[in-house]
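Me: Hi! I'm new to this one and would like a friendly walk through it. Could you show it to me?

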Amino acid sequence: DEMDVGTIWQDGDFVDWDDATVHVLTHALHYGTGIFEGVRCYDTENGPAIFRWDEHLDRFYQSAKPYDMEVPFSRAELTEATLELLRREQLRSCYIRPVAFYGYGSLGVSPKENPVDTAIAAWPWGTYLGEEALERGVEVMISSWRKYASSQVPTNAKTTGLYVNSLLAGEEARRNGYTEAIVLNKEGQVAEGPGENLFLVRDGEIYTPGLSQSILDGITRNTVIELARERGYTVYDQASISRGELNTADELFFSGTAAEVTPIRKVDNVTIGDGSRGPVTKELQQAFFDLVERRTDAHEEWFTYV
Ligand code: PMP
């Protein structure tokens, strides 16, 4: 089991992997009232380093806000816990999963009598959509499930319960032979992938759905925008992209902590561009991996060395 590494940090203590358990009446299990992060640590030329930890922590605490959830640990405590965990487990290249959730207390929907439980796990993790996907790109399906609207739930919060939508979209796509889904928002415009943001390249310019399109404000999205602008590209980061524009794009790609920068070669069996990784995608993907593996000095401020 790839997740079978020794220790998990739970509510202030390092506990054995198999002992990091919760009660079956945990509030979050019933109502999806947890918030979480997905973070990567890269085995860089200068040693293992967590990529954009500060921004992930920012989003973690922001995600808790709509739910009136007080994360009972400070930024410094969560940072120290994570660094200590990675050192103990001697992890170099890994995925880090902080989670906070309403725990065991009352079972009313109101969580006023429930503690907030916090945990951090980490495990080795390779590419999300496959090594080949990074080079050749993936085939995606427009999901028949729409993304929930920002008027219905806070879409800018990374809440555990909201991932049923991601599961439905992703599994539908895989049942139909695709690698991943693209989800449209309630208005029918392009939102994002189940766990990725989406970028479109047309006539040498770059477009990505804006925050008003009910997307998660992805940290990789933000990174790609910055890398692209530094390389002289015009990036429209508050775009509204219609479904049809996907088919006529020169290039499409996903961004995400898990997916990193992954080209999209087909949408609903329509070939995008010439059906291979396009030149802009390739340049930005290269820039991304040069950055996170520290083959450049740029953006040293984005790295927390273990
Ligand atoms: N959208 C959704 C719905 C996601 O779950 C993720 C993964 N956190 C992303 C976009 C990409 O965000 P990030 O680049 O911060 O991982």
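**A chat about strands, domains and a ligand**

Reply: Let's start with Leu 200, which stands opposite Tyr 207 in β12. Strands here are DSSP runs (E, at least two residues) and helices are runs of H or I with at least four, numbered from the N terminus. This is a predicted model, where local features need pLDDT of at least 70, side-chain atom pairs count only at pLDDT 80 or more, and totals for chains, interfaces and linings use all residues. Residues are numbered from 1 along each chain as its sequence is written.

Me: Thanks! In which sense do β11 and β12 pair, and over how many bridges?
Reply: β11 and strand β12 (residues 205-209) pair in the antiparallel sense over 3 bridges. Two strands count as paired if DSSP finds at least two bridges between them. Their hairpin has 2 residues between the strands, and Asp 203 there takes a positive phi near 50°.

Me: And what about β11 and β14, how many bridges there?
Reply: β11 and β14 pair over 5 bridges, in the antiparallel sense. In that region, Val 201 stands opposite Glu 251 in β14.

Me: Why is β11 largely enclosed?
Reply: Strand β11 (residues 197-202) has 5 of its 6 residues buried, so the rest of the structure largely encloses it. Buried means that 20 or more other C-beta atoms lie within 10 Å of a residue's own; 12 or fewer makes it exposed, anything in between partly exposed, and C-beta atoms are placed from the backbone.

Me: Back to Leu 200: which residues does it touch?
Reply: Leaving out residues up to four places away in sequence, Leu 200 touches Tyr 207, Ile 241, Glu 245, Ala 249 and Leu 252. Contact means C-beta atoms, placed from the backbone, within 7 Å.

Me: Which residues have the most contacts inside the largest nonpolar core?
Reply: Those are Ile 50, Val 140, Phe 199, Leu 200, Leu 252 and Ile 264, in a core of 73 residues. A nonpolar core is a set of buried Ala, Val, Leu, Ile, Met, Phe, Trp, Tyr and Cys residues joined through C-beta atoms within 7 Å. This core draws at least three residues from each of domain 1 (7-124) and domain 2 (131-292). Those bounds come from an automatic or database domain assignment.

Me: How far apart are the centres of the two domains?
Reply: Taken over C-alpha atoms, the centres of domain 1 and domain 2 are separated by 26 Å. In domain 1, 21 residues are in contact with 10 residues of domain 2. Helix α2 gives the largest share of the domain 1 side that touches domain 2, with 5 residues.

Me: New topic: which residues come nearest to the ligand?
Reply: Leu 216, Gly 218, Ile 219, Thr 220 and Thr 257 come nearest, out of 14 residues around the ligand. Near means that a residue's C-beta atom, placed from the backbone, lies within 6 Å. The largest share of that shell, 3 residues, comes from α6.

Me: How many residues of that shell are nonpolar, polar and charged?
Reply: The shell has 2 nonpolar, 9 polar and 3 charged residues. Here Ala, Val, Leu, Ile, Met, Phe, Trp, Tyr, Cys and Pro count as nonpolar, Asp, Glu, Lys and Arg as charged, and the others, Gly among them, as polar.

Me: Last one: where is Asp 268?
Reply: Asp 268 lies in the loop between β15 (260-267) and β16 (270-271). Its phi is near 50°, a positive value in a residue other than glycine.

Note on methods:
Contact = placed C-beta atoms within 7 Å.
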